[in-house]
Amino acid sequence: MRIRIVDAFTDRPFAGNPAGVLLLDDSFPDDDRLQDIALEVNHAETAFAHRLPGGGEADWALRWFTPATEVAMCGHATLATAHVLHSTGAHEGPVRFATRSGVLIATPDADGSITLDFPTAPLTEVELPEGVAEALGAEPLTAFDTGPNIRDLLLELADEKTVHALRPDLKALAAHSERGIIATARADDPALGYDFVSRCFFPNVGIDEDPVTGSAHTALAPYWSERLGRSDLTGLQASPRSGRVRTELRGERTLLTGRAVTVIEGELLA
């Protein structure tokens, strides 16, 4: 079985968000084996996919595992899987993935990027939970629940500089959401090519800081589209590896566009 490490939401190696990708011959093995492999890969997500019979609503079945648990939605590992399918010739054109979040479509673009069609996260404003500001190390301006698919707490901070400077208490932060915290702010200078910044901390699923989080942008897109008055935006995820996600809000769906690079290819022997 071939195993690949793909850097997603970047056009160069050793940036963006790395994901493990395994294309299976047929059905998924048992969950314990999938979890063991994901722990061995030890990236934020490892994606497992197998081809489905023709004529159905999807072409491939897809699941995602962190080193600690299975997740309901993952953008960067979906992008990485689509990149592997297209770069190896295993699939041509748009690919429909059957997932726990419904059918997700990945479409290759003429410029070499890939566009994901994901459900838009429903945002509900909430009271800031007691202790969040202290755990995060900054005072949020607003707090929003992001719904069942991503299960994060979205927090807007005062400015971009504050987002870059965050050094949160991850153990304390874990008590305040199911998956984690999305911290965001408006870009200080949109002339640099991005409209907003974010950082994502997911201690509850074994990820202290996720380098570039596609699923979080299904919440960031509607949040910033409403405030900036535009449906097409670009987000910079300001982790140490960094990466950019182009977003297009289409009502109940959000398009996420980025590139990917395969950096390692090997064989799973166990």
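Modeller: A cavity is a set of grid points where a 1.4 Å probe fits but cannot get out, and its lining residues have an atom within 4 Å of a point. What follows concerns a predicted model.

Colleague: Which residues lie nearest the centre of the largest cavity?

Modeller: The structure holds 1 cavity of 30 Å³ or more, and the volume of the largest cavity is about 70 Å³. Its lining is made up of 15 residues. Those that lie nearest the centre are Glu-45, Cys-74, Arg-179, Asp-210 and Thr-213.

Colleague: How many residues of that lining are nonpolar, polar and charged?

Modeller: Helix H2 (75-88) and strand S14 (207-210) each supply at least two residues of the lining of the largest cavity. Sorted by residue type, the lining divides into 7 nonpolar, 5 polar and 3 charged.

Colleague: Turning to helix H1, why do its buried residues line one face of the helix?

Modeller: In H1, which spans residues 31-41, the buried residues are Leu-34, Gln-35, Ile-37, Ala-38 and Val-41. Viewed down the helix axis, these buried residues line one face because they fall within an arc of 160°.

Colleague: Which residues are exposed on the other side of H1?

Modeller: The buried residues of H1 pack against strands S1 (2-8), S2 (17-24), S3 (45-51), S4 (60-65) and S5 (70-71). On the other side of the helix, the exposed residues are Asp-32, Asp-36 and Glu-40.

Colleague: Which residue, with a positive phi, follows H1?

Modeller: At the start of the helix, a side-chain oxygen of Asp-30 comes to within 3.1 Å of the backbone nitrogen of Asp-32. After H1 comes a residue whose phi is positive, near 65°, and this residue is Asn-42.

Notes: Residues are numbered from 1 along each chain as its sequence is written. This is a predicted model: local features need pLDDT of at least 70, side-chain atom pairs count only at pLDDT 80 or more; totals for chains, interfaces and linings use all residues. Side-chain values use heavy atoms; hydrogens and water are left out. Buried means under 20% relative accessible area, exposed over 50%, partly exposed in between (1.4 Å probe, protein chains only). Helices (H or I, at least four residues) and strands (E, at least two) are DSSP runs, numbered from the N terminus. The arc is that of the directions from the helix axis to the C-beta atoms. Contact means heavy atoms within 4.5 Å. A polar contact is a pair of N or O atoms within 3.5 Å; within protein, one must be able to donate a hydrogen and the other to accept it, and residues adjacent in sequence count only if both atoms are side-chain atoms. On a 1 Å grid over the protein atoms alone, a cavity is a set of points where a 1.4 Å probe fits but cannot get out, and a pocket is an open set with protein on both sides within 12 Å along at least five of seven lines; lining residues have an atom within 4 Å of a point. Grid points are joined across faces, edges and corners, and a volume is the space filled by probe spheres set on the points. Ala, Val, Leu, Ile, Met, Phe, Trp, Tyr, Cys and Pro count as nonpolar, Asp, Glu, Lys and Arg as charged, and the others, Gly among them, as polar.
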